[in-house]
Amino acid sequence: MRVVSGIQPTGNLHLGNYLGAIRNWVAMQDQLSEDGQCLFFLADLHAISQPHDPADLHKGTLEMTAALVACGIDPQRSILFNQAQVPAHAELQWLLGGTARMGWLNRMTQWKDKAGKNREGQSVALFGYPVLQAADVLLYQATHVPVGEDQKQHLELARDIAQKFNNDFTSEDAPVFTLPDAIVPPQAARIMSLRNGDAKMSKSDPSDMSRINLSDDAETIMKKVKKAKTDPEPLPCEKAGLTHRPEALNLVTIYAALKEQTIEEVLRDHGGEGFGAFKPALGEALIETLRPISDKFTTLLDDRESLDAILARGASKARELAGPTLDATYRALGLVRGRSI
Ligand code: TYM
């Protein structure tokens, strides 16, 4: 079993990232004790696919490293690194570029959402982004990739690329790539914006009130929850009563995920309550979960040297693990891999 996943180091780590992905990363790390089975990385190469400030990118990478460690990623047990220090990611992306198809990439919903009506004006990197994501996981023979719902389609594409490459260039008994499975949490796979129950909680939303950041203090968390958009009805007693109430469903989903309960259990206890009573309970649950993370995050941030050292050590291990697959890919394509790096 090999677990691999990544996060873009742009903006703050928010509740959607935490409940949709990072909490699962930590759980998988804790189940797999042997060194080298879990690789988690900062997708800094992905971050250049959209306009960015170079100074912010390095700072964001260190901050996201601190945030992941604060959430429970242990750099002694998991390999924690940033893509830019492992050139094999970019190399494999190019090698897979001969296999990925324009039509496949054109169908990616994230590409369609981000490009909108201005496809011609987008960077080539934004279009090729899912091929780099495929390289990220195929490079390490990942078997399990814990992600939120929004990344499932990219993982399916990674499987398609791996399958086509294996078919086209390798014999059946010696495929180069393992087909990875996306692991999406049963609950909290898609945490929505606090301002709009139809849009996912996201770093790129211009309104900070739309998301809970893991670095928010208690007062800010409570304020954001109390101002969260809702409807005037009380909570229903049955899950069916949340249909067509996306904001109410989102708040109940968050509460259930924090308390590790099902939605039915939450409604059994809180059905009939108005939001005037439910929101403070949700705010408290958030503060209780996030306070230890944000305290640890603040302490870790002060020690930039340790954060640099964690990434350097992780990258060195990742480069070693990536070598054999990269070699095999070059060989399968009839290329001889250079040895300069
Ligand atoms: P990113 O940085 O947008 O998000 C990191 C992880 O958080 C999950 N997530 C959410 N889950 C539930 N609700 C939400 N509102 C929410 N918002 C984000 C994402 O699904 C993701 O698991 N392209 C990826 C990073 C990446 C990657 C990879 C992931 C690059 N290479 C290889 C897995 C494997 C991204 O931008 O995630």
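Helices, of at least four residues, and strands, of at least two, are DSSP runs numbered from the N terminus, and in these terms Gln 83 is found in the loop between strand S3 (79–82) and helix H4 (88–96). The model described here is a predicted one.

**Domains**
- Where the two domains meet, 16 residues of domain 1 are in contact with 20 residues of domain 2.

**Nonpolar cores**
- The largest nonpolar core has 61 residues, and those with the most contacts inside it are Leu 19, Ile 22, Ile 254 and Leu 286.
- Helix H12 (residues 275–301) gives the most to this core, contributing ten residues, and the core draws at least three residues from each of domain 1 and domain 2.
- Once its neighbours within four places in sequence are left aside, Leu 19 is in contact with Pro 185, Ala 188, Ile 191, Ile 254, Ala 257 and Leu 258.
- Another core lies apart from the largest one and has 43 residues, among them Ile 79, Leu 126, Ile 161 and Val 176.

**Cavities**
- A search of the whole structure finds three cavities of 30 Å³ or more, and in the largest cavity there is about 90 Å³ of space.
- The largest cavity is lined by Gly 11, Asn 12, Leu 13, Glu 63, Met 64, Ala 67, Leu 214, Ser 215, Ile 293 and Phe 297.
- The elements that give two or more residues to this lining are helix H3 (54–71) and H12, with the largest share, three residues, coming from H3.

**Surroundings of Gln 83**
- Gln 83 has a relative accessible area of 0% and is therefore buried, since the cut-off for that term is under 20%.
- The side chain of Gln 83 makes a polar contact, at 2.9 Å, with the side chain of Asp 136.
- Apart from its neighbours within four places in sequence, Gln 83 is in contact with Phe 41, Leu 42, Ala 43, Asp 44, Leu 45 and His 46, and also with His 89, Leu 132 and Asp 136.

Methods:
Residues are numbered from 1 along each chain as its sequence is written. This is a predicted model: local features need pLDDT of at least 70, side-chain atom pairs count only at pLDDT 80 or more; totals for chains, interfaces and linings use all residues. Side-chain values use heavy atoms; hydrogens and water are left out. Buried means under 20% relative accessible area, exposed over 50%, partly exposed in between (1.4 Å probe, protein chains only). A polar contact is a pair of N or O atoms within 3.5 Å; within protein, one must be able to donate a hydrogen and the other to accept it, and residues adjacent in sequence count only if both atoms are side-chain atoms. Contact means heavy atoms within 4.5 Å. A nonpolar core is a set of buried Ala, Val, Leu, Ile, Met, Phe, Trp, Tyr and Cys residues joined through side-chain atoms within 4.5 Å. Domain bounds come from an automatic or database domain assignment. On a 1 Å grid over the protein atoms alone, a cavity is a set of points where a 1.4 Å probe fits but cannot get out, and a pocket is an open set with protein on both sides within 12 Å along at least five of seven lines; lining residues have an atom within 4 Å of a point. Grid points are joined across faces, edges and corners, and a volume is the space filled by probe spheres set on the points.
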